[in-house]
Amino acid sequence: MRLHGTMRINARGELEIGSCNVVELARTFGTPLYIMDETLIRQNCREYYQAFAGGGSRDGVLYAAKAFMAPAICKIVGSEGLGLDVISGGELYLALKAGFSPERIFLHGNNKSPSELQFALKSGVGRIVVDNFYELELLDRLAGESGCLSSVLLRVAPGIEAHSHDYIKTGQLDSKFGFTLGNGDAMQAVQIALRAENLHLKGLHCHIGSQIFELDAFRDAARVMMDFLEEIRVQTGWTATELDLGGGLGIYYSADDTPPPIKEYACAIRESVDESCKKWNFPRPKLFVEPGRSIVGPAGCTVYTIGAIKNIPGIRKYVAVDGGMTDNPRPALYQAKYEGLVANKAKEPVQEVVSITGRCCESGDMLIWDLSVPKVEPGDLLAISCTGAYNYSMSSNYNCLPRPAVVLVHDGNADLIVSRETYGDLAQHHLVPERLSSALRGTG
Ligand code: LLP
């Protein structure tokens, strides 16, 4: 397993993160346990900030909270100068509760409900990113009713195919997101938004997908969007002042992955926009980017306790851990590959190749196929790296498994930022109608 951020192996052959011993963290907080490396999160935020917003540039970086939403993370990214991209009333609620300034929050979503839009208007979010004609009309009406002018961006599907898993591509023509560029919908949406009494159109948005390594895809998206801004200027006389190019920069999960550095990604985007501005003599819009995975992904690690081991000689050795697709559905959903390490035997020589399976009642509940490990036994601790993004946020209670805790480590301190769910938490939303209350009395 490649070591990320502040990960190191100590003299006893145990994994440490943020100067905290993972074996001790597991003992204190239990397993499965998500461990988030604050130093690496801050470092990633700073790289983005430097590349886009620092050095006199006025461009903005918004952390895409869907990657991992927690009030403590909002505090960290906010203190590093980043804004926030939220996707629902729930994310907005948590962000506001964390004290995030509403004007630094952008609300996204392809089917925002009227009450979510009202909540966003009432809280004074910075931008609402309008996705479709239904929402355009709805938001104009709701803003009018609440007597405010809503600053909006329009989400455009630019028709860019990025190489990524089909389920996390979003910019292509056949996509549920945004106004289609190629068939005139996007231009029509701009015209409607410009006429709308209660909307203040600031610019456009696009997001071509996630876990993308090819800088050309980002360059192309920027160029296509700038060409469209020019076309709008010619047709309507309106000059956009903002362009939000979404998130999507890929990260390293396994040796198959070769992500470009944040700095190169930023250069590619900014150069592409600058070239277009020059070509069209267009005043440079303020850029926004919305990274999620590349801020928190490599900063997260999940630690599990190994339990049952099933050997099928000549076929496979299954090593089961105390979590699985409930805390990390990505291998099952996207065939995602991860790296792992036996955290309490990190210096022991490799002796066998095993497959790491979860504890759910599902054959597809596999976390890693074919991992080289030292001799493992029940009670050993398995660490899986790069689980900081889209793991906790996509976790579930399948099989009534309580969600794990999340601990934030930094310079020898370990602070719980999300507590472990209990059986009581699982029970709290269930109701039994009065007429069933005696149903099991006297049975069994
Ligand atoms: N902006 C918008 C509008 C988005 O839809 C997304 C991600 C982002 C920004 C952040 O993208 P990132 O920088 O994290 O790639 N569950 C999938 C990923 C879904 C991404 C959804 N949208 C996964 O586990 O790979």
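Tutor: Let's start with a term: buried means under 20% relative accessible area, exposed over 50% and partly exposed in between, with a 1.4 Å probe and protein chains only. Strands are DSSP runs of E with at least two residues, numbered from the N terminus. This is a predicted model, so local features need pLDDT of at least 70 and side-chain atom pairs pLDDT 80 or more, while totals for chains, interfaces and linings use all residues. Residues count from 1 along each chain as its sequence is written, and side-chain values use heavy atoms, leaving out hydrogens and water.

Now β19, residues 381–385: five of its five residues are buried. Leu381, Ala383 and Ser385 point one way, Leu382 and Ile384 the other. In a regular strand, side chains alternate between the two faces of the sheet.

What does β19 pair with (at least two DSSP bridges between two strands)? One partner is β14 (residues 300–312), antiparallel over five bridges, with valine 303 bridged to alanine 383. Another is β16 (residues 340–342), also antiparallel, joined by three bridges; there, valine 342 partners leucine 382.

On to the ligand. Polar contacts here are pairs of N or O atoms within 3.5 Å. A polar side-chain atom of serine 210 sits 2.3 Å from a ligand oxygen, and a backbone N or O atom of glycine 248 lies 2.9 Å from a ligand oxygen. Tyrosine 334 puts a polar side-chain atom 2.8 Å from a ligand nitrogen. Taken alone, the ligand exposes 590 Å², and the protein buries 92% of that (Shrake-Rupley areas, 1.4 Å probe).

Terms used:
Helix = DSSP H or I, 4+ residues; strand = E, 2+ residues; numbered from the N terminus. Pairing = 2+ DSSP bridges. Polar contact = N/O pair within 3.5 Å; in protein donor to acceptor, adjacent residues only side chain to side chain.
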